[in-house]
Amino acid sequence: QEIIATAGRRTAAACKGRRIVAAQDTTEINFSGRDRARKGLGPAGDGRTPGFFCHTMVAVDAEDEDLLGIVHAQIWTRSDKPLKARRSRAIEDKESMRWLEATAIAGEVLGGAAQLIVVGDREFDIYSQFARRPPNVELIVRSAQNRKLADSEECLFGAPLAWREFGTMEVRVPPRRVGDVGRIAHVSVKAGRVCIRKPLHGGSPADPASVSLTYVEVNESNPPEGHDPIVWRLLTTLPVVGEGDEFAAAQDIVRLYRLRWS
């Protein structure tokens, strides 16, 4: 923990005055067939293989895309004891609380950044995170759940059907496997404001009944043969609608989201 904290302080010094993307994700380290005489391991993602987990956050300069260093890391092993049903547990009692904790630590450690944008994939789509966002932190989250909207009978994924298309852009897609060089995808971009409703299950009583966010939809209509089309549904606290150049603002959000692969 001291090594991680020391590295975080060094990263914070490098981030001062810069526009920073703090990207976080979880890695599973498993010891399939290699666990003999190793102690302290728990069940990995499949519930059987011995291993542990590491949730890491790194800082990336949003302008030149340089990787500046580690901000935070949480390392843990899972217990093999049975847990209560997921819906009956508060967010504080779930592994997913790691996302909120990392965001809070980023807000504290990287307080000297000119702007701080925390980015995560679909596992980061947690209502309590939107509700409890630190005041100096912006969020870009890839949506996983077709959430209910608070101000209509629609659900989130249907909202862009009525929106105009801003334009098209190129997005570099990372390799999917060893030997894959990645590719460039040509995608259309839409964006608008949405007000999502607190879920019936999983929302804390302390969280507000709804949260207003920007929703950016990225869609690839003609993927190359053998490739699934790119569909990114991004929820963010950054503004797009009402900005001077709405398309440029939406493009920047897509570019910043892509930095999570750093």
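The model is predicted, so local features need pLDDT of at least 70 and side-chain atom pairs count only at pLDDT 80 or more, while totals for chains, interfaces and linings use all residues. Residues are numbered from 1 along each chain as its sequence is written, and side-chain values use heavy atoms, with hydrogens and water left out.

**Stop 1: strand β7**

Select residues 167-173, which form strand β7. Helices (H or I, at least four residues) and strands (E, at least two) are DSSP runs, numbered from the N terminus.

Two strands pair if DSSP finds at least two bridges between them. To find one partner, select Met169 and look across to Val187 in β8.

**Stop 2**

Select residues 50-61 for β3 and 67-76 for β4. These strands run antiparallel, with 8 bridges between them. His55 stands opposite Gln74, which is in β4.

The hairpin has 5 residues between its strands. Select Glu65 in that loop. Its phi is positive, at about 65°, although Glu65 is not a glycine. Most residues other than glycine have a negative phi. Glu65 counts as partly exposed because its relative accessibility is 30%.

**Stop 3**

Go to the loop between β1 (19-30) and β2 (42-43), and select Ala37. Here too the residue is not a glycine, and phi is positive, near 70°. Is Ala37 buried or exposed? At 75% relative accessibility, Ala37 counts as exposed.

**Stop 2: salt bridges across the chain**

The structure holds 16 salt bridges. A salt bridge is a side-chain nitrogen of Lys or Arg within 4 Å of a carboxyl oxygen of Asp or Glu.

Select Asp61 and Arg18, whose side chains meet in a salt bridge at 3.1 Å, N to O. Asp61 belongs to strand β3 and Arg18 to the loop between α1 (2-15) and β1, so the pair links distant parts of the chain, 43 residues apart. Asp61 is buried, at 6% relative accessible area, and Arg18 is partly exposed, at 29%.

Next select Arg260 and Asp25, a salt bridge in which the closest N and O atoms are 3.7 Å apart. Again distant parts of the chain are linked: Arg260 is in the segment after α4 (246-258) and Asp25 in strand β1, 235 residues apart. Arg260 is buried, at 18% relative accessibility, whereas Asp25 is partly exposed, at 31%.

**Stop 5**

Select Arg255 and Asp252, which both lie in helix α4, 3 residues apart, or about one turn of the helix. Their side chains form a salt bridge of 3.0 Å, N to O. Arg255 is partly exposed, with a relative accessible area of 22%, and Asp252 is partly exposed at 22%.

Which residues make up the network of salt bridges that includes this pair? Arg19, Glu63, Glu65, Asp252, Arg255 and Arg258 are linked in it. Select these residues together to end the tour; among them is Glu65, from the hairpin of β3 and β4.

Technical notes
Buried means under 20% relative accessible area, exposed over 50%, partly exposed in between (1.4 Å probe, protein chains only).
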